[in-house]
Amino acid sequence: MAAPTDRTDAELLARRKRRSLALGLVLGALVIIFYVLTIVKVGPGVFDRPL
Amino acid sequence: MKASQLAYVDDHREIVAAAGARVEDYFALLKPRVMSLVVFTALVGLLLAPGGINPFIGFVAVLCIAVGAGASGALNMWYDADIDAVMSRTANRPIPAGRVDRDDALALGLILSVFSVVLLGLAANWLAAGLLAFTILFYAVIYTIWLKRATPQNIVIGGAAGSFPPMIGWAAVTGTVSIEGCILFLIIFLWTPPHFWALALYKQGDYAAAGIPMLPNVAGERATKVQILLYSLVLVAVSLVPPFIGFAGGIYAVAAVVTGLYFVFLAWRLFRTREDVAMRKAARSLFAYSLSYLFIIFLAFVTDHLGQIIGVA
C-alpha cells in the first residue's frame with residue numbers, strides 16, 4: 001500500500017473542512033426551519049405564556 | 001493529526017473514499033436531476049390543490065419531498081453499486097468511481113428518509129408524510145431491491161414511485177387523496193414506460209452487460225416498440241381527461257393535444273424504424289422529448305390554473 005503524500009493529506013483535510021462546513025450549514029438551516037415552523041404553526045402566542 | 005489517520009480503515013482506496021469525499025459527491029448521491037423533476041411535479045400538485053397553504057409550510061413540504069426523493073436515490077445507489085460500475089451511464093457515480101464509501105451512502109439515505117418523513121408530518125400532515133414514506137420504501141425496496149433485477153416490467157411498477165410527488169404535494173395542502181391527485185399520478189405513471197424503454201433501446205448493451213432484464217433485452221426491440229406506442233396512446237388519452245372533468249381549461253387542453261400528438265408521432269416513428277442506427281436515433285429523440293413533454297404538461301396545468309384565477313382561461 002502506498003503511503004499518502006503530504007499533498008494528499010492537505011487535500012483530504014480541505015475536503016473534510018468543506019464537509020464540516022456543509023453539515024454546519026444544513027444544521028443551521030434546520031434550526032431556522034424548526035423555529036419559523038413553530039411560529040407559523042403555533043402562532044406568535046407561543047411566547048406569550050406565564051412563567 | 002494527519003487526515004490519513006482520521007479514517008479507521010486499512011485500505012488506501014477506502015481511506016480516500018471515507019475521508020476524501022467532496023460535498024458534491026454526497027449531493028450527487030441524491031440524484032439532483034431526478035430531484036429537480038420531483039420538486040417541479042410536487043410543486044405543481046401543491047399549487048393546483050384547492051384551499052391554499054402557508055407559503056413557508058409549502059416550501060418545507062416541497063423540500064421534504066425533494067429530500068425524500070434524494071434519500072431514495074442514495075439508497076438506490078447503495079444497493080446498485082455493483083451494476084452501476086458496469087454501465088457507461090452510471091459508472092462515474094460516486095460509489096462505483098470510489099469517491100464515496102458504500103456504507104456512507106446507506107447511512108445518508110436512511111437518515112434523510114426518516115428526517116424528511118418526520119418533518120413533512122410535523123409541517124404539513126401525516127397523510128402526506130405516509131405517502132412520502134411509502135414512496136421511499138417503494139423505490140428503494142420494491143423497485144431497486146426486488147423488481148429491477150427480476151422482471152422486464154420493473155420500470156412499469158417501479159414507475160409508481162416517481163409518480164407520487166404531485167399527489168404528495170396535493171395531500172400536503174388538502175390532507176386528502178383526490179381524483180385530481182390520482183390523474184397527476186397516472187400521467188407520470190403512464191409516461192415512465194415509454195420514457196425508460198426509449199432509453200433502454202439505445203442503451204441495450206449497457207443493460208445486458210449489467211444483467212438487468214429491461215424489456216428490449218428480454219422481449220426484443222419489436223415488442224418494446226409496440227409497448228412504447230401503446231403506452232404513449234394511453235398516456236395521451238389520460239392527459240386529455242382533465243379538461244373534461246373540470247380539472248383544467250383551454251390552455252391545458254391545447255398544450256396536451258399538441259404535445260401529446262407529437263409524443264405519439266415520435267413513438268410511431270420509432271415503431272416504424274427498422275435500421276439499427278436510425279432506430280437508436282429515433283429512440284434517443286423520444287427519450288429527450290419525453291422529458292420536455294412532462295415539463296410542458298405540468299407547466300400547462302399551472303398556467304391554466306393561474307389563467308382561471310385571473311379570468312383568462
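**Notebook: chains A and B of a predicted model**

**Entry 1. Chain A**

I began with chain A, which has one helix and zero strands. The model is predicted. I then looked up burial in chain A and found that 2% of its 51 residues count as buried.

**Entry 2. Domains of chain B**

I turned to the domain assignment of chain B, which gives domain 1 as 14-175 and domain 2 as 178-313. Taken over C-alpha atoms, the centres of domain 1 of chain B and domain 2 of chain B are separated by 22 Å. I noted that 27 residues from domain 1 of chain B and 24 residues from domain 2 of chain B take part in the contact.

I next asked which elements give two or more residues to the side of domain 1 of chain B that touches domain 2 of chain B. They are helix 3 (32-48) and helix 8 (154-174) of chain B. Helix 8 of chain B supplies the largest share of that side, 12 residues. By class, I recorded 16 nonpolar, eight polar and three charged residues on the side of domain 1 of chain B that touches domain 2 of chain B.

**Entry 3. Helix 4 against helix 8**

Helix 8 of chain B also packs against helix 4 (residues 55-79) of chain B, so I examined the pair: their axes come within 10 Å and cross at roughly 150°, and the two are therefore roughly antiparallel to each other, the cut-off being over 145 degrees. The crossing of helix 4 of chain B and helix 8 of chain B is right-handed.

I listed the residues that meet. Helix 4 of chain B brings Ala61(B), Val62(B), Ile65(B) and Ala69(B), and helix 8 of chain B brings Pro165(B), Ile168(B), Gly169(B) and Ala172(B). The residues of this contact divide into seven nonpolar, one polar and no charged.

**Entry 4. Helix 4 against helix 7**

I then followed helix 4 of chain B to helix 7 (residues 126-147) of chain B. The axes of helix 4 and helix 7 of chain B come within 9 Å and cross at roughly 15°. Helix 4 of chain B and helix 7 of chain B are therefore roughly parallel to each other, since the angle falls under 35 degrees. Helix 4 of chain B passes helix 7 of chain B in a right-handed crossing.

On the helix 4 side I noted Ala61(B), Cys64(B), Ile65(B), Gly68(B), Ala71(B), Ser72(B), Leu75(B), Asn76(B) and Tyr79(B). They meet Ala128(B), Leu132(B), Thr135(B), Ile136(B), Tyr139(B), Ala140(B), Thr144(B) and Ile145(B) in helix 7 of chain B. By class, the residues of the contact of helix 4 of chain B with helix 7 of chain B are 12 nonpolar, five polar and no charged. I marked Ala61(B) and Ile65(B) as residues of helix 4 that meet helix 8 of chain B and also meet helix 7 of chain B.

**Entry 5. Helix 9 against helix 15**

For the next pair I took helix 9 (residues 179-202) and helix 15 (residues 276-309) of chain B, which pack at an angle of about 155° with their axes 8 Å apart. That angle makes helix 9 of chain B roughly antiparallel to helix 15 of chain B. Helix 9 of chain B passes helix 15 of chain B in a left-handed crossing.

From helix 9 of chain B, the residues in contact include Trp191(B), Pro194(B) and His195(B). Among the residues of helix 15 of chain B in this contact are Arg280(B), Arg284(B) and Phe287(B). I recorded the classes for the contact of helix 9 with helix 15 of chain B as 13 nonpolar, two polar and two charged.

**Entry 6. Single residues**

I looked up Phe271(B), which lies in helix 14 (residues 250-272) of chain B. Phe271(B) and Ala282(B) are 11 residues apart in sequence and 9.1 Å apart from C-alpha to C-alpha.

Ala210(B) has its place in helix 10 (residues 204-210) of chain B. Ala210(B) is partly exposed, with 19 other C-beta atoms within 10 Å. Not counting residues up to four places away in sequence, Ala210(B) touches Ile83(B), Val86(B) and Met87(B).

Last, I checked Lys31(B), found in the loop between helix 2 (23-29) and helix 3 of chain B. Phi of Lys31(B) is near 50°, a positive value in a residue other than glycine. Lys31(B) is partly exposed, with 19 other C-beta atoms within 10 Å.

How values were computed: Residues numbered from 1 in each chain as written. Chains lettered and ligands numbered in written order. Predicted model: local features only at pLDDT ≥ 70, side-chain atom pairs only at ≥ 80, totals over all residues. Domains from an automatic or database assignment. Contact = placed C-beta atoms within 7 Å. Helix = DSSP H or I, 4+ residues; strand = E, 2+ residues; numbered from the N terminus. Nonpolar A, V, L, I, M, F, W, Y, C, P; charged D, E, K, R; others polar. Axes fitted to C-alpha atoms, helices over the stretch in contact; angles between N-to-C directions. Parallel < 35°, antiparallel > 145°, perpendicular 65-115°, else oblique. Left-handed = near helix turned anticlockwise from the far one by under 90°. Buried ≥ 20, exposed ≤ 12 C-beta atoms within 10 Å, placed from the backbone.
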